[in-house]
Amino acid sequence: IKDHILDSIGEGVFTVDKNFRINFFNKAAEKITGFTREEVNGQFCKHVFKSELCFTDCPIAQVIQTNRNIFDHDTNIHNNKDEKVPIKLNASVLYNNENEPTGGIISFRDISDLIEFRKRLNIRNEFHGIIGQSKQMTEIFSLIEEISNSDAPVFIHGESGTGKELIADAIVKSSDRKTKEFIKVNCSVFPDNLLASELFGHVKGAFTDAVSHRAGRFEIANDGTIFLDEVAEMPPQMQLKLLRVLQEGTFERVGESTTRNVDVRVIAATNMEIDKALATGKFREDLYYRLNVIPIEVPPLRDRKEDIYPLVKHFLDKFSVNYKKDISEVDEKVLDVYNSYDWPGNVRELENVIEYAFVRTQQNQKIDVAKLPVALRNSKNIFPANLPEKVDSQGTEKHKLLALLEKHKWNKTTLAKELGIGRTTLWRKLKKHGLVE
């Protein structure tokens, strides 16, 4: 009966005697390895599976020595075609009626499909260093691929911290100019009198500190790409000069009358409210429309909450390398906080929050809520601000949930979306407060 039960489960199972010879091999083990039980019966397990563990740190030997079972250990075995098969295994010692060890039992499952899925997920989640699986971000990735053969100007608009520079990097990496110069300029950091020199260069004696001829960023980027961040912060006179470069491909160095030609693709970005900047004259309309040939609107993190988890995993991997400390998970309650917060600082703020918690967390532990910044834990944004009026601002979580349920006529899918959490998390909260129908 015992053998029949073990033959009916989906995991591979085999047992060995105290000499490490196989004495049972179930049907799932046959399917995963390609060996029949007749072929392996009586053989040393290490000669069948040929896993690195077998020769360095045998699981059965480990559990005998430590008296502690092994759960979900990742390793590889070889099948009957001598191909590597990735598995997760569990190992335990078998005892007789006198409580003496008589051998061991190993259960294992093939995780080839899981590994392949993770690879595909990572490919979908990452595009030239940009992390995102939301519809908004995948549409941006597709657009970048579609314009790879174009030299038309690109205008990237989005809040601070959304990753506009990463978008610019991805555009260049996908373009025909990827092997040429890529120059970045933050237009907001230079005084007005120096910005012209930075962009277009100057000749000796053009101004007090001009002790020699100097090429500007546009000349250096010739045949390549230039990224003008915070382009709307340019003074009006500089905007006019930039417009000329876009229209005619010509400019003059500061203090020089010689006209120079340049072939540069321009990518511009700003976090400024465009309509307001155009209405007040801060941003020239003619320049805006010249730059805005291919517009890219980068959504704030609060509008693409489904990207939070892949971003969390990405930053944990990054900081594990930077700090030489292995922390690969966050507690589920931490994800609840992340998904409920509005992230006014967007991806940059999320990265900083994760780094703060990472530094405070010990090796091989999960990041828990106690390690988050106090400002995040106490944020009023954990619940939406637009609650029904009858909910007091000091009301309990239960009261707030109840009010939101009534607001959405007990539609949990809509409520989970408003809270920015998954249905499972929402169900757990409702169950906690006795609000499960």
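The model is predicted, so local features need pLDDT of at least 70 and side-chain atom pairs count only at pLDDT 80 or more, while totals for chains, interfaces and linings use all residues. Residues are numbered from 1 along each chain as its sequence is written, and side-chain values use heavy atoms, with hydrogens and water left out.

Helices (H or I, at least four residues) and strands (E, at least two) are DSSP runs numbered from the N terminus. Two strands count as paired if DSSP finds at least two bridges between them. The table lists the two pairings.

| Strands | Direction | Bridges |
|---|---|---|
| S3 (residues 70-78) and S4 (residues 84-95) | antiparallel | seven bridges |
| S4 and S5 (residues 101-110) | antiparallel | nine bridges |

Aspartate 74 faces lysine 88 of S4 across the pairing. The hairpin of S3 and S4 has five residues between the strands, and aspartate 82 in its turn has a positive phi of about 65 degrees. Five residues also lie between S4 and S5 in their hairpin, where asparagine 99 has a positive phi near 65 degrees. Tyrosine 95 stands opposite proline 101 in S5.

**Tyrosine 356**

Helix H17 (residues 346-360) contains tyrosine 356. This residue is partly exposed, at a relative accessible area of 38%; buried means under 20%, exposed over 50%, and partly exposed in between (1.4 Å probe, protein chains only). Leaving aside residues up to four places away in sequence, tyrosine 356 touches Lys371, Leu372 and Pro373, where contact means heavy atoms within 4.5 Å. Tyrosine 356 and phenylalanine 182 are 174 residues apart in sequence and 32 Å apart in space, C-alpha to C-alpha.
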